[in-house]
Amino acid sequence: MEAVEQGELVAENERRRLSLGHNPIADMAELINGQNIWASGAVLPDEMSGLFLHHSSIGLFILVNFSHPRARKRFSYAHEYAHALLDREATATVSIAADRRKLTEVRANAFAASLLLPRAGVDAFLESRFKASPSVLDQAVYDPMAEEDRGEVKASRRAAAFSQVLTFEDVAALSHHFGVSYQAALFRLKSLAIVNAPEFEELREKENLGLRFLQLLEMWDDLYGKETRSPDRELISQVVHLALEAFRREEISSGKMRDLSKLLGVPSKELLQLAEAT
């Protein structure tokens with residue numbers, strides 16, 4: 001529990017530091033790269049979700065398994081980001097299923113869930129769907145006359161029968177809103193005590209219905225589809241940025257730009273034209 005609490009607390013502080021509010025994070029790799037940490041996809045063994053490297057020659061580096069579905073990669077980026085923040089004394093941290101019960105892994109998973117699905121964001125999403133609120137709402141209205149006679153005016157509203165029940169469709173919509181898997185969204189609802197153990201098991205049994213709902217609305221691919229872009233797109237983007245900046249400052253030559261284009265697999269003519277235009 002202490003590891004879980006540490007992960008959640010650091011995630012809340014990180015969201016506050018980055019001024020993310022309770023909104024979904026559009027691109028985890030972009031966010032991490034913006035913190036001076038290299039982050040990219042890579043072809044890794046299937047049992048490996050990702051890894052974090054820290055060395056004086058490269059700085060801080062995160063790789064996630066490019067072959068995994070999009071939602072899982074987002075979670076892996078957030079998980080490895082936790083290692084970058086909390087475990088950077090280690091030269092290398094590899095995230096594999098066999099180590100899932102290690103306290104550093106538990107902490108990183110708690111961080112990732114809280115970072116991607118912030119408590120306030122989950123509450124706001126459910127409130128927008130009129131779910132997970134008290135069945136009866138009471139409101140006392142202030143009246144200056146009440147200070148003398150101690151009377152008060154009360155207003156109340158009772159929710160329609162069964163309207164507060166969370167369904168597989170709510171969980172699926174929540175998962176799509178924050179870009180995580182159905183299971184990740186459901187576990188977060190349980191950790192926030194929004195669903196109890198029996199409700200959790202019932203909704204877990206209905207995961208296939210939630211996925212069918214996402215397929216019906218053409219949302220499934222956003223979470224479970226495979227990427228068609230190159231696995232190291234983010235890394236190439238960072239290197240090209242550095243190369244263009246170095247060329248602008250006359251720190252590297254056009255010959256070096258050609259060498260880089262071959263290494264990165266981008267057209268040398270196009271790269272040189274962009275470099276000269278800077």
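Guide: Let's start with what an axis is here: a line fitted to C-alpha atoms, for a helix over the stretch in contact, with angles running from 0 to 180 degrees between N-to-C directions. And keep in mind that this is a predicted model.

Visitor: OK, then why are helix 12 and helix 13 called roughly antiparallel?

Guide: The axes of helix 12 (residues 233-248) and helix 13 (residues 254-264) cross at roughly 175° and come within 11 Å. Angles over 145 degrees count as roughly antiparallel, so that is the label these two helices get.

Visitor: What makes the contact between them, and which classes do its residues fall into?

Guide: From helix 12 you have I236, V239, V240, A243, L244 and F247, and they meet S254, M257, L260 and L264 of helix 13. By class that gives 9 nonpolar, 1 polar and no charged.

Visitor: How about helix 1 and helix 4: what makes them oblique?

Guide: Helix 1 (residues 2-17) and helix 4 (residues 103-116) pack at about 40°, with axes 7 Å apart. Roughly parallel means under 35 degrees, and roughly perpendicular begins at 65, so helix 1 is oblique to helix 4. The crossing is right-handed. Among the residues that meet are V4, V10 and A11 in helix 1 and V106, F111 and L115 in helix 4. By class, this contact has 10 nonpolar, 3 polar and 5 charged residues.

Visitor: F111 has a ring. Why is its pair with Y81 called edge-to-face?

Guide: The ring centres of Y81 and F111 are 6.0 Å apart, under the 6.5 Å cut-off, and planes over 60 degrees apart count as edge-to-face, so 70° qualifies. The structure holds 4 aromatic pairs. Y81 lies in helix 3 (residues 70-86) and F111 in helix 4, so this pair ties together parts that are 30 residues apart in sequence.

Visitor: On to the sheet. What makes its pairing mixed?

Guide: The sheet is open, with 4 strands in the order 1-3-2-4. Strand 1 and strand 3 pair in the parallel sense over 5 bridges. Strand 2 and strand 3 (residues 59-65) are antiparallel, over 6 bridges, and strand 2 (residues 48-55) runs antiparallel to strand 4 (residues 92-96), joined by 5 bridges. A hairpin takes strand 2 to strand 3 through 3 residues.

Visitor: How do you know that those count as pairs?

Guide: The cut-off is at least two bridges, and the 5 bridges between strand 2 and strand 4 clear it. You can check one spot: L53 stands opposite A92 in strand 4, and L53 also stands opposite F61 in strand 3. W38 stands opposite F61 too.

Visitor: Which strands are called edge strands, and why?

Guide: Strand 1 (38-42) and strand 4, as each pairs on one side only. Neighbouring strands are turned by 15° against each other on average, direction ignored.

Technical notes: Residues numbered from 1 in each chain as written. Predicted model: local features only at pLDDT ≥ 70, side-chain atom pairs only at ≥ 80, totals over all residues. Heavy atoms only, no water. Parallel < 35°, antiparallel > 145°, perpendicular 65-115°, else oblique. Left-handed = near helix turned anticlockwise from the far one by under 90°. Contact = heavy atoms within 4.5 Å. Nonpolar A, V, L, I, M, F, W, Y, C, P; charged D, E, K, R; others polar. Phe/Tyr/Trp six-rings, centres within 6.5 Å; stacked < 30°, edge-to-face > 60°.
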